Amino acid sequence: MAFHLNIVTPERKVFSDDVDNVYLPGADGEMGILSMHAALVTAMDAGELRYSKDGKVVELAVGHGFAEVTQEKVTVLTDVAFEQDEIDEAKVEAAMERAHKTLAEIDPEEAEEVAAQQKVIAAAMAQLALKKKGRG
């Protein structure tokens, strides 16, 4: 039985349609969602989100965010979401390098800035892992 999946970033609605299942990178590990799942709200870490629709599996690299699950719908709010063909490996590597450099230069006491740079690095690593997976 299908349920509705919405994936939204601050810039765009990435996906909105019925799917058969979704696997997302929950803060405590990968979480599988099927139709009629118990309601919950969970934090998401950067990683790979997969969903199946009509027997086809689609993989996305996502950043940090939240997922709201009801019996009929899953809504994913994340800072970034990209399919393999949308990922520019050179740009992602450059962004990760800048974040590493910034992280090395900032005062460790600036917790917000440290966390922001760590999120950039985690999202970049998720994108690179998905991109490289497509070549394997």
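This is a predicted model: local features need pLDDT of at least 70, side-chain atom pairs count only at pLDDT 80 or more; totals for chains, interfaces and linings use all residues.
Residues are numbered from 1 along each chain as its sequence is written, and side-chain values use heavy atoms, with hydrogens and water left out. Local features need pLDDT of at least 70 and side-chain atom pairs count only at pLDDT 80 or more, while totals for chains, interfaces and linings use all residues.

**View 1. The largest nonpolar core has 20 residues.** Such a core is a set of buried Ala, Val, Leu, Ile, Met, Phe, Trp, Tyr and Cys residues joined through side-chain atoms within 4.5 Å; buried means under 20% relative accessible area (1.4 Å probe, protein chains only). L5, I7, L49, Y51 and V76 touch the most other members. Strands (DSSP E runs of at least two residues, numbered from the N terminus) that each supply at least two core residues include β1 (3–8), β8 (65–69) and β9 (73–78). Apart from this core lies another, of 10 residues, with A61 and L128 among them.

**View 2. Here is V76 with its contacts.** Contact means heavy atoms within 4.5 Å. Leaving aside neighbours within four places in sequence, V76 is in contact with residues including L5, I7, L49 and A67.

**View 3. Strand β9 pairs with β1 and with β8.** Two strands pair if DSSP finds at least two bridges between them. β1 and β9 run parallel over 5 bridges, and L5 stands opposite V74. β8 and β9 are antiparallel over 5 bridges, with A67 partnering V76.

**View 4. V41, F66 and L77 make a nonpolar surface patch.** The patch covers about 320 Å² (Shrake-Rupley method, 1.4 Å probe). Its residues have over 30% relative accessible area and no salt bridge, with nonpolar side chains joined within 5 Å; a salt bridge is a side-chain nitrogen of Lys or Arg within 4 Å of a carboxyl oxygen of Asp or Glu. F66 belongs to β8.

Terms used. Buried means under 20% relative accessible area, exposed over 50%, partly exposed in between (1.4 Å probe, protein chains only). Helices (H or I, at least four residues) and strands (E, at least two) are DSSP runs, numbered from the N terminus. Patches are made of residues with over 30% relative accessible area and no salt bridge: like charges are joined within 9 Å, nonpolar side chains (Val, Leu, Ile, Met, Phe, Trp, Tyr) within 5 Å.
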